[in-house]
2 protein chains.
Amino acid sequence: MKKTKHEKPPRRVTMTDVARLAGCSQATVSFVLNNATGVTISAETRGKVIEAARTLGYGASSLIHRPVLGNLGSGTIGFLCDQLATTPESVNAIEGARQACWDEGATILVAQTMGNPEREEKAVEAMLRSGIEGLIYMTIFTRQVAPPSFLENLQIPVVLLNCYAPESRFPSVIPDETAGGFAATETLIRLGHRRIATIVGEPFMQAAQDRLKGYRKALAKAGIAYDADLVGEGNWSPTSGFEATQRFLALKDRPTAFFCQNDKMASGCYNALRDAGLRIPQDVSVIGYDDDELCRHLRPQLTTLILPHRAMGAWAISELGKRRTSGKDGYPLTKMDCNLIERDSLAVLP
Amino acid sequence: MKKTKHEKPPRRVTMTDVARLAGCSQATVSFVLNNATGVTISAETRGKVIEAARTLGYGASSLIHRPVLGNLGSGTIGFLCDQLATTPESVNAIEGARQACWDEGATILVAQTMGNPEREEKAVEAMLRSGIEGLIYMTIFTRQVAPPSFLENLQIPVVLLNCYAPESRFPSVIPDETAGGFAATETLIRLGHRRIATIVGEPFMQAAQDRLKGYRKALAKAGIAYDADLVGEGNWSPTSGFEATQRFLALKDRPTAFFCQNDKMASGCYNALRDAGLRIPQDVSVIGYDDDELCRHLRPQLTTLILPHRAMGAWAISELGKRRTSGKDGYPLTKMDCNLIERDSLAVLP
DNA sequence: CATATTGACTAATAATTATTAGTTACATTA
DNA sequence: TAATGTAACTAATAATTATTAGTCAATATG
């Protein structure tokens with residue numbers, strides 16, 4: 001272990017050190033740490049050994065230097081993720097990764113870090129101990145991240161999922177939200193709509209900006225003038241969709257179609273439309289985003305765009321397999337399409 | 001490593017063995033496997049070493065005999081789960097466990113096994129390598145399981161979450177579905193309802209049986225005769241809830257309250273009631289089960305029971321901490337209550 | 001009460017792994 | 001072309017860990 005040459009070797013902690021601190025022999029330490037059968041160790045001594053080993057950090061592998069077996073195909077891949085709970089996308093990405101691993105029989109170890117760097121480090125340490133051969137680093141919101149610096153010294157391939165690093169330091173995949181916004185809007189245009197409102201999410205989120213960008217691009221391409229009155233600020237919540245829709249309906253020339261930048265706001269939009277006595281899709285077309293479970297429970301079922309997290313998970317696995325090395329301008333950033341899921345909330349403008 | 005005495009020692013694979021097969025020196029193997037800096041190894045040799053190590057299974061820790069460091073507090077806990085995706089409960093349980101670990105700063109490593117015993121074994125192996133100190137074994141559906149036998153020889157504490165083993169071989173937690181069915185029904189009775197219909201889930205699922213049991217208990221306690229006509233078979237889907245409700249509404253003496261054994265069926269029930277021109281809660285009270293996200297999007301918002309997975313996750317962690325040893329009749333089976341979440345779908349019978 | 005037996009350990013040593021200090025063959029440079 | 005470098009290794013050995021064969025005290029046993 002440790003460098004072969006020069007530099008003061010930080011002298012790794014040995015069983016003898018532990019034994020000294022615990023006040024017993026090196027042999028005893030070996031027994032305790034290996035749970036040896038055939039010898040008996042008193043609970044007290046055992047405790048002291050473990051205590052000592054822990055304080056000295058026996059065996060605590062430095063992150064950069066992987067433990068023995070590191071290079072050996074363990075068939076394990078690590079998946080770090082800031083949140084599992086808030087949205088189902090993280091689970092979708094994991095599922096995509098798992099399916100892609102299936103043939104190779106790999107195991108995916110997942111850890112949730114809450115975006116906390118200490119936790120990230122601990123989790124990666126644990127994963128390295130288990131001998132992961134690659135690491136997927138995912139965030140729940142699409143954005144640029146400053147990935148913990150130890151990732152760069154890791155010796156195993158790392159890919160970023162749903163996020164990307166400055167200077168393209170890692171291969172990354174994100175959804176193509178601009179294309180998604182474009183597709184949604186263009187679909188409405190193709191149905192004959194000209195007055196198309198959009199309800200955006202919290203504008204500091206990149207997904208919100210990009211979806212709006214796509215919306216504007218589609219309008220421009222169709223030669224429809226952009227009208228700021230048709231852009232409503234929401235915050236992803238049903239209530240905000242409800243209120244934004246009411247404001248639109250008060251306009252003298254009300255829109256005939258709504259592109260809601262997520263499904264929850266679309267559900268609020270539905271309610272406002274119903275309250276106003278408008279029928280979907282006969283009077284108004286609505287399109288959502290995210291393919292929330294909710295879509296199928298709305299009446300009529302909501303047409304939406306599905307985030308490609310499953311495909312992104314699969315992509316990440318295949319990318320890890322390639323063990324690409326960095327080009328001189330870093331690694332590529334891949335964008336994956338959000339497919340449109342046709343349901344019953346769209347109709348041709350009468 | 002290995003037993004201290006007797007029994008033909010299965011002779012663990014050493015670097016020397018690997019070196020022989022790879023046609024190089026033990027030193028080279030050491031360099032390759034440790035990714036040593038300061039020496040150069042040709043890609044070819046490196047490949048041969050890794051290949052050889054893999055075929056010989058160098059370092060493949062047997063499940064029962066944990067690797068060095070095993071006993072050392074790694075601050076890591078393993079969480080095995082058959083499915084992450086199908087329902088959000090698994091994520092809730094993980095979240096509960098994570099929160100409970102928070103103070104101690106433990107890391108939770110999660111693996112999804114699809115219920116496949118080989119995967120379970122691989123995942124546990126990987127987790128053991130990383131030095132987990134405890135293992136939570138969860139299933140997505142509440143049921144008795146035959147947990148893989150290696151769990152019993154594991155040296156670390158194991159708890160079952162949402163499932164239980166024959167002969168109480170592990171400490172276990174499950175939701176108290178009977179109490180939940182009882183609470184739901186009793187709430188409706190307290191509001192004055194006597195004709196209370198219930199739509200059950202797939203009857204081979206234990207949750208369905210238990211919720212029904214609770215329903216019958218509550219009726220019995222209130223002295224209301226059980227009427228088989230008021231029990232409709234569903235299959236957890238909205239459609240089945242819709243159809244069952246229509247059948248109930250065709251009854252000469254239609255029910256005034258519906259206890260739907262999950263929220264999806266309740267949403268189908270809502271639609272059937274709306275189609276029949278009945279208002280919730282003025283004309284009919286409805287109660288669901290599961291606290292699906294969907295509840296908040298139904299109008300009126302659905303009163304339901306919440307599954308205690310979060311609490312079960314926390315319980316599992318605290319149980320692991322206790323390192324209980326088996327009593328002569330095994331470990332206890334803990335049942336946790338499903339709390340009622342009051343929303344707007346209930347009213348006093350007029 | 002002498003004699004096993006067992007629990008709890010250690011000294012000594014065997015087995016294994018890590019590291020140093022080369023060696024060899026080939027390529028570069030002066 | 002001799003001298004120098006260097007990539008790719010290995011033999012030898014240092015360092016570390018695992019295991020055997022006890023020791024010693026505290027029971028239990030006949």
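Below are my notes on one helix, the nonpolar cores and the charges over rings.

Ground rules: I worked on a predicted model, where local features need pLDDT of at least 70 and side-chain atom pairs count only at pLDDT 80 or more, while totals for chains, interfaces and linings use all residues. Residues are numbered from 1 along each chain as its sequence is written, chains are lettered from A and ligands numbered from 1 in the order written, and side-chain values use heavy atoms, without hydrogens and water.

Entry, helix H3 of chain B. I took helices as DSSP runs of H or I, at least four residues, numbered from the N terminus. I found B:Val49, B:Ile50, B:Ala52 and B:Ala53 to be its buried residues (under 20% relative accessible area; exposed is over 50%, partly exposed in between; 1.4 Å probe, protein chains only). On the face turned away I noted exposed B:Ala43, B:Glu44 and B:Thr55. After the helix comes B:Gly57, with a positive phi near 70°.

Entry, charges over rings (NZ of Lys or CZ of Arg within 6 Å of the ring centre and within 35 degrees of the ring normal). I found A:Arg211 over the face of A:Tyr289, 3.6 Å from the ring centre. In chain B, the charged end of B:Arg216 sits over the ring of B:Tyr226, 3.6 Å from its centre.

Entry, cores (buried Ala, Val, Leu, Ile, Met, Phe, Trp, Tyr and Cys joined through side-chain atoms within 4.5 Å). The largest has 46 residues, and B:Leu161 is one of those touching the most other members.

How values were computed. Helix = DSSP H or I, 4+ residues; strand = E, 2+ residues; numbered from the N terminus.
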